[in-house]
Amino acid sequence: TVLVETLQLPMDIHIIHPLRQTIVDNPCGSTNGGCSHLCLISPGGASYRCLCPDNFQLLEDSRTCISNCSIGQVSCRDQTQCINKEWVCDTQADCKDGSDEIDCPVRVCKPGMFQCDNYNCTHHQYLCDQDNDCGDWSDEQGCDARYCGIGYWKCPNNKCILESELCNGYNDCNDD
């Protein structure tokens, strides 16, 4: 309701027929102005500048964007996007260039399951829970940088629990 109270309605909209518009060269019209991602035309249309979408940063050449992935994400080889680490080698190409499915070990687990280094399979919910669910401890590696995902909370011991399990009277983190 706060949004409704503070929302300003447009005062007017100007629509100009294409035949009444001044013909100018579009600096972004050819090869996106040399920008790797976003080419924004300045008012008047004489100049432009390159910008990057969220989770990307603009290099010193002021034209090229590279991915700036958050913790729990990895960059695709072409550096055009970030994906969750858990999506790498899951038999489903999540990167546009398919790089998340290149040089993967033989997949024996069903999609959505974590494949241990010894080829055992376990559910992602059992990762970083301080139990040797794989039999080779590979489900407990890299837990400091682990991203739990939306709807989960990361315990101090790096175990991920559902947000609905917070403050429910049980020690769901198992961190006595």
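I took a disulfide to be a pair of cysteine sulfur atoms within 2.5 Å.

**Entry 1: basis.** The model is predicted, so I noted that local features need pLDDT of at least 70, that side-chain atom pairs count only at pLDDT 80 or more, and that totals for chains, interfaces and linings use all residues. Residues are numbered from 1 along each chain as its sequence is written, and side-chain values use heavy atoms, with hydrogens and water left out.

**Entry 2: disulfides.** By the sulfur distance rule I recorded nine disulfides.

Cys109 is joined to Cys121, with an S to S distance of 2.0 Å. The torsion about their S-S bond is about -95 degrees, so this disulfide is left-handed. Cys109 lies in the loop between strand 6 and strand 7 and Cys121 in strand 8, so the pair ties together parts 12 residues apart in sequence. Strands here are DSSP runs (E, at least two residues), numbered from the N terminus. For burial I used relative accessible area: buried is under 20%, exposed over 50%, and partly exposed in between (1.4 Å probe, protein chains only). Cys109 is buried at 7%, whereas Cys121 is partly exposed at 36%.

Cys52 and Cys65 form a disulfide with sulfur atoms 2.0 Å apart. The pair links Cys52, in the loop between strand 2 (48–51) and strand 3 (56–58), to Cys65 in strand 4 (residues 65–67), 13 residues apart. Their link is left-handed, with -95 degrees about the S-S bond. Both Cys52 and Cys65 are buried.

Cys89 is joined to Cys104, S to S 2.1 Å. Both Cys89 and Cys104 lie in the loop between strand 6 (82–84) and strand 7, so the pair ties together parts 15 residues apart in sequence. I noted -85 degrees about the S-S bond, a left-handed link. Cys104 is partly exposed, with a relative accessible area of 26%.

**Entry 3: Cys167.** I found Cys167 exposed, with a relative accessible area of 86%.

**Entry 4: core.** The largest nonpolar core has six residues: Phe114, Cys116, Leu127, Cys128, Cys134 and Cys143. Such a core is a set of buried Ala, Val, Leu, Ile, Met, Phe, Trp, Tyr and Cys residues joined through side-chain atoms within 4.5 Å. Leaving out residues up to four places away in sequence, Cys143 touches Cys128, Lys154 and Asn158, where contact means heavy atoms within 4.5 Å.

Notes: Helices (H or I, at least four residues) and strands (E, at least two) are DSSP runs, numbered from the N terminus.
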